[in-house]
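Please look over the model shown here before reading on. The text after it is meant to be followed with the structure open.

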Amino acid sequence: MDSKFQLSETEKQIVEFLWGHGGEAETKDIYSHFKEQKEEWARQTLNTLLLRVEEKGIIERPQRGMVKARYSRAEYDSLCCREFIETRFSGNIANAIRCYYNGSIPEYEAQELIDCINSMR
């Protein structure tokens, strides 16, 4: 199942870098960071990866040389989770929970879920 938000390992590393730097960074800083770790990197490699992540809607490049995450880590996780529930379970969270627990849920986890739901009302 393809996900709109699915990232390759290297794409994830780029987004993690952005989150670790306040959600935005200059392209040259991203390049320098990864060049230290992956000696085979060329600027074109970074540009290609940035384009892919931008096409997935996860980053934006508001001006030349700048890269900005469109979502915080929590927002991104929420989008991925929602997309999974929508595509795999037709949006039915109860079916997702049943599948996760495979028919049996420990009492303490059941109470945590009840408390969580009640706190969100």
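The paragraphs below go through helix packing and then pockets.

This is a predicted model, in which local features need pLDDT of at least 70 and side-chain atom pairs count only at pLDDT 80 or more, while totals for chains, interfaces and linings use all residues. Residues are numbered from 1 along each chain as its sequence is written, and side-chain values use heavy atoms, with hydrogens and water left out.

Start with helix 1, residues 9-19. Helices here are DSSP runs of H or I with at least four residues, numbered from the N terminus. Helix 1 packs against helix 2 at an angle of about 120°, and the two axes are 11 Å apart. Axes are lines fitted to C-alpha atoms over the stretch in contact, and angles run from 0 to 180 degrees between N-to-C directions. Helix 1 is therefore oblique to helix 2; angles under 35 degrees count as roughly parallel, over 145 as roughly antiparallel, 65 to 115 as roughly perpendicular and the rest as oblique. The crossing of helix 1 and helix 2 is right-handed, a term for the near helix being turned clockwise from the far one by less than a right angle.

Which residues make up this meeting of helix 1 and helix 2? From helix 1 come Q13, I14, F17 and L18, and from helix 2 come D29, I30, H33 and F34; contact means heavy atoms within 4.5 Å. By class, five of these contact residues are nonpolar, two polar and one charged. Ala, Val, Leu, Ile, Met, Phe, Trp, Tyr, Cys and Pro count as nonpolar, Asp, Glu, Lys and Arg as charged, and the others, Gly among them, as polar.

Helix 1 also crosses helix 3, at roughly 85°, with axes that come within 10 Å. This makes helix 1 roughly perpendicular to helix 3. Here T10, E11, I14 and V15 of helix 1 meet L46, L49, L50, R52 and V53 of helix 3. That contact has six nonpolar, one polar and two charged residues.

Helix 2 and helix 3 pack on each other as well, at about 115° and with axes 10 Å apart. Their crossing is right-handed. Helix 2 brings T27, I30 and Y31 to the contact, and helix 3 brings R43, L46, N47 and L50.

Now turn to the pockets. A pocket is an open set of points on a 1 Å grid over the protein atoms alone, where a 1.4 Å probe fits and protein lies on both sides within 12 Å along at least five of seven lines; lining residues have an atom within 4 Å of a point. The second largest pocket has a volume of about 170 Å³, where volume is the space filled by probe spheres set on points joined across faces, edges and corners. Its lining consists of T27, Y31, R43, L46, N47, R61, Q63, R64 and G65. Helix 3 gives the largest share of that lining, three residues. The lining of the second largest pocket holds two nonpolar, four polar and three charged residues.

The largest pocket has about 210 Å³ of space. I93, I97, L113, C116, I117 and M120 line the largest pocket. Helix 5 (93-101) and helix 6 (107-119) each supply at least two of its lining residues, and helix 6 gives the most, with three. The lining of the largest pocket has six nonpolar residues, no polar ones and no charged ones.
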